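This report sets out the geometry of the structure displayed below. Please keep the sequence and the model in view while reading.

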Amino acid sequence: MIQRKPILRVTSKVFMPFILLYALYVQFHGDFGPGGGFQAGVIFGSSFILYALIFGLHDAKLVLPSAVLEILSALGVLVYAGTGVVSFFMGSNFLNYNALAHDALHGQHYGILLVELGVGITVFSSMTLIFYVFAGRGR
Amino acid sequence: MSAHLPILQILIPLMAAPFCVILRHRDIAWLISLIVSLACFAVSLLILDQVLTQGVISYFMGDWPAPWGIEFRIDVVNAYVLVIVAAIGAIVSLYGRHSVNKEIPKNRIYLFYTAYLLCLTGLLGMTATGDAFNLFVFLEISSLSTYAMVSLGKDRRALTASYQYLVMGTLGATFYVIGLGLLYMMTGTLNIVDLHDRLVGMDGSIRTLQAALAFLTVGLSLKLALFPLHLWLPNAYSYAPSTVTAFLAATATKVAVYVMLRVFFTIFGVDIFEETGLANVLMIFAIAGMFVASTVAIFQNNIKRMLAYSSVAQIGYIMLGISFLNATGVSAGLVHLLNHAIMKCTCFLAVGCIVYRMGTVRLSELNGVGKKMPWTMGAFVIGGMSLIGVPLTVGFVSKWQLISAAFEADMMPVAALILLSSLLAVIYVWRVIEIAYFREPTQNTGVKEAPLSMLIPLWIMAGAAIYFGIDTGMTLGIAEIAADMLVGGTP
């Protein structure tokens, strides 16, 4: 039915890149403004959820199979923990970002960016995966 | 590297779990979980050694110093619990492969191992952390992965059991956070040692403190399944896959008991119990649990359910020991923590072997199983004897210590009740032995002994049940040091 609604299809197509871009803005500007990994992940995921709502779950899964999402959700955790492990091998305690760069200020900055990136990836993939699971029920 | 041991304990399983998801292969996932849990066990032994020789270990996350940052603080008490959890984790993953392949749908096995490793992370984290809120986070990690593991059971009722556990577990966790919030309101800190330092001068009759103690006690009692808050436990244990049951029965409730000890003795200190009378309330529920749950266990036809009710009764013994508020009592509780983990793990692993070969948990269908699976049932008998408290098994050590604590507290009737409730254990263990050995096999005549990869871990546990029943120097010795520390009030 929704296939015959051109307004919805076109509008969502137009919006999609902006949603993705906004998510990236929230992600990487999180250290200076409001935002961060969780919010960015939800926004990024919502664009795929919108796509699935308008074009159907089948098409969304062609773009982003659930196996890929599963791997991404694990990857985010690894990015987060891995950041901690790097500082661990630099001779400090786990998750001490100071060790990540030549001075503490930059170190903290990089540390937060990396950790939030991990959070963003996991939140995005988990949100989308939860939607897939619910939308795919009973098929 | 030895300075980083506390974080390695948590980090190894935490980082291995995502790899299980990424590699998406059941055998590789099993191998990862086996290597990781063995590594965790090694790390926990190193930590225990370090604590016993050098004293308390403290590790600051991100080098943020203690009351502000998150601290991992390991003394004899949690080093001891870490070894218990990690040892059971290693044994269960050694055992798990065949049982898991048979009981869990093929395409979900790698997810099972992921949840298993996360649960291990959560339980070890709860034990190692020195920050009360961080403890809540690890509690949620372990609980959420537990719900997922329970729901993987073959029986469809596993889903409702898991949901019931989710509701009760969430309630418990919420109560814990509410209690913690009240404490934070009074002290402005979340670090366990700092909480102790700030509470020590406060008047125990302040309403907020008492409310905090009440919320923490009820929340943790839900988690550790103290009678009458145990309602989630029988279903969760009966319908979860056998491997999961063995793991949970030996670790999840034990770690909750450890947290309760921390809250009672390290955060609040012994004095508040005399003011509030909480110890008497706990003692009544502990004794009621020993009798009611053991009696219910006698009437079960499902062997897993029977053992689950027996777990509720055994938790009664642990809490009874703690409610004496003397060092002997707490050491009895602590030593029973380990001993019950050993005996219940033995029993559930043996049941897992039976399920693997016969596909049933109904006692009425197990006629003569002792003749067909002598090694499995032999181990079960050792576990069952420990549940009763027969000399030369671990159960005897706990009961002996518990009864001496009752004498020390001048409570002769309680000592009599402990002995009386052991008789109930005789009845439900004997029922199984009678069916397994004294009845002729009726059906499933082609049943063979369980594979060696399941029997070896099973007999390691059964051997431990005997060994630690004879040589109590290590277990009871450490438990006594830990109990002295807790009751003595040194944080």
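The text that follows treats the two chains, their contact, and selected local features.

**Overall organisation**

The coordinates are those of a predicted model. Chain B contains 20 helices and two strands. Its radius of gyration is 21 Å, close to the 23 Å that the globule rule gives for 491 residues, so chain B is as compact as a globular protein of that length. Along the principal axes, the C-alpha trace of chain B extends over about 70 × 55 × 40 Å. Buried residues account for 62% of the 491 residues of this chain. Of the contacts in chain B with a separation of 6 or more, 81% are between residues 24 or more positions apart.

Chain A, by comparison, has five helices and zero strands, and from the N terminus on its elements follow the order α-α-α-α-α. A box of roughly 60 × 30 × 20 Å, taken along the principal axes, holds the C-alpha atoms of chain A. In this chain of 139 residues, 36% are buried. Among contacts in chain A between residues at least 6 apart in sequence, the share joining residues at least 24 apart is 63%.

**Contact between the chains**

Chain A contributes 14 residues to the contact and chain B contributes 13 residues. On the side of chain A that touches chain B, the residues divide into 10 nonpolar, three polar and one charged.

**Strand pair in chain B**

Strand S1 (residues 57-60) of chain B pairs with S2(B) in the antiparallel sense, over four bridges. One of the residues involved is B:Ile57, whose bridge partner in S2(B) is B:Ile74. In a regular strand, side chains alternate between the two faces of the sheet. Within strand S2 (residues 71-74) of chain B, B:Glu71 and B:Arg73 point one way, B:Phe72 and B:Ile74 point the other way, and all are buried.

**Helix packing in chain B**

Two packed helices are described by the angle between their axes and the distance between the axes. Helix H17 (residues 394-408) of chain B packs against helix H19 (residues 452-470) of chain B at an angle of about 40°, the axes being 6 Å apart. This angle makes H17(B) oblique to H19(B). H17(B) supplies B:Val394, B:Phe396 and B:Val397 to the contact, while H19(B) supplies B:Ala465, B:Phe468 and B:Gly469. By class, the residues of this contact of H17(B) with H19(B) are five nonpolar, one polar and no charged.

**Backbone features in loops of chain B**

Most residues other than glycine have a negative phi, and most peptide bonds are trans. Which two residues are joined by a cis peptide bond? They are B:Phe227 and B:Pro228, with omega about 0°. B:Pro228 lies in the loop between helix H8 (207-224) and helix H9 (232-239) of chain B.

B:Leu325 is placed in the loop between helix H13 (303-323) and helix H14 (327-358) of chain B. B:Asp410 belongs to the loop between H17 and helix H18 (412-438) of chain B.

Key:
Residues numbered from 1 in each chain as written. Chains lettered and ligands numbered in written order. Predicted model: local features only at pLDDT ≥ 70, side-chain atom pairs only at ≥ 80, totals over all residues. Rg over C-alpha atoms; globule rule 2.2 N^0.38 Å. Buried ≥ 20, exposed ≤ 12 C-beta atoms within 10 Å, placed from the backbone. Contact = placed C-beta atoms within 7 Å. Axes fitted to C-alpha atoms, helices over the stretch in contact; angles between N-to-C directions. Parallel < 35°, antiparallel > 145°, perpendicular 65-115°, else oblique. Nonpolar A, V, L, I, M, F, W, Y, C, P; charged D, E, K, R; others polar. Pairing = 2+ DSSP bridges.
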